[in-house]
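User: I have a structure to read for class. Please take me through some of its features by question and answer.

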Amino acid sequence: MIKEISDKSFHSEVYSSDRAVVVDFWAPWCGPCKMLGPVMEQLDKEYDGKIKFVKIDVDENPEISSKYSISSIPTIMVFKNKVVEDKLVGFSPKNVLEDKLKKYV
């Protein structure tokens, strides 16, 4: 299961990671977010130990959502060494996400 993080834990979970971190900005009421959830879970299992996956509820965590100008969800951001390396907005099928993630392994 993908770890849910918060405004308070974002720094330690994302910036302090020694590997790429995929952050899923989502909300429980969001239909496309619900569709993306199982895809993210599959990828989390497949990339176990190689890429870290976390999710953050935008309604519960406005500070980080505002910092990264999240205006549409789901938004997927890939962080590496404290920098946003990639960003996808909206639902993306598994193969599209896999193509983006290959370079971070």
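This is a predicted model: local features need pLDDT of at least 70, side-chain atom pairs count only at pLDDT 80 or more; totals for chains, interfaces and linings use all residues.

User: Which residues does the disulfide join?

Analyst: A disulfide is a pair of cysteine sulfur atoms within 2.5 Å. The structure holds one disulfide. Its S to S distance is 2.4 Å, and the residues joined are C30 and C33.

User: Is the disulfide of C30 and C33 right-handed or left-handed?

Analyst: The handedness follows from the torsion about the S-S bond. For C30 and C33 this torsion is about 75 degrees, so the disulfide is right-handed.

User: Is R19 buried, partly exposed or exposed?

Analyst: Buried means under 20% relative accessible area, exposed over 50%, and partly exposed in between (1.4 Å probe, protein chains only). R19 has 28% relative accessibility, so R19 counts as partly exposed.

User: Which residue makes a polar contact with the side chain of E13?

Analyst: A polar contact is a pair of N or O atoms within 3.5 Å; within protein, one must be able to donate a hydrogen and the other to accept it, and residues adjacent in sequence count only if both atoms are side-chain atoms. E13 counts as buried because its relative accessibility is 12%. At 2.6 Å, the partner of its side chain is the side chain of K3.

User: What is the volume of the largest cavity?

Analyst: On a 1 Å grid over the protein atoms alone, a cavity is a set of points where a 1.4 Å probe fits but cannot get out, and lining residues have an atom within 4 Å of a point. Grid points are joined across faces, edges and corners, and a volume is the space filled by probe spheres set on the points. The structure holds one cavity of 30 Å³ or more. The volume of the largest cavity is about 40 Å³.

User: Which element gives the most to the lining of the largest cavity?

Analyst: Helices (H or I, at least four residues) and strands (E, at least two) are DSSP runs, numbered from the N terminus. Residues lining the largest cavity include V22, M40, I76 and L97. The elements giving two or more residues to this lining are α2 (31-46), β4 (75-80) and α4 (94-101). With three residues, the element that gives the most is α4.

Technical notes
Residues are numbered from 1 along each chain as its sequence is written. Side-chain values use heavy atoms; hydrogens and water are left out. On a 1 Å grid over the protein atoms alone, a cavity is a set of points where a 1.4 Å probe fits but cannot get out, and a pocket is an open set with protein on both sides within 12 Å along at least five of seven lines; lining residues have an atom within 4 Å of a point.
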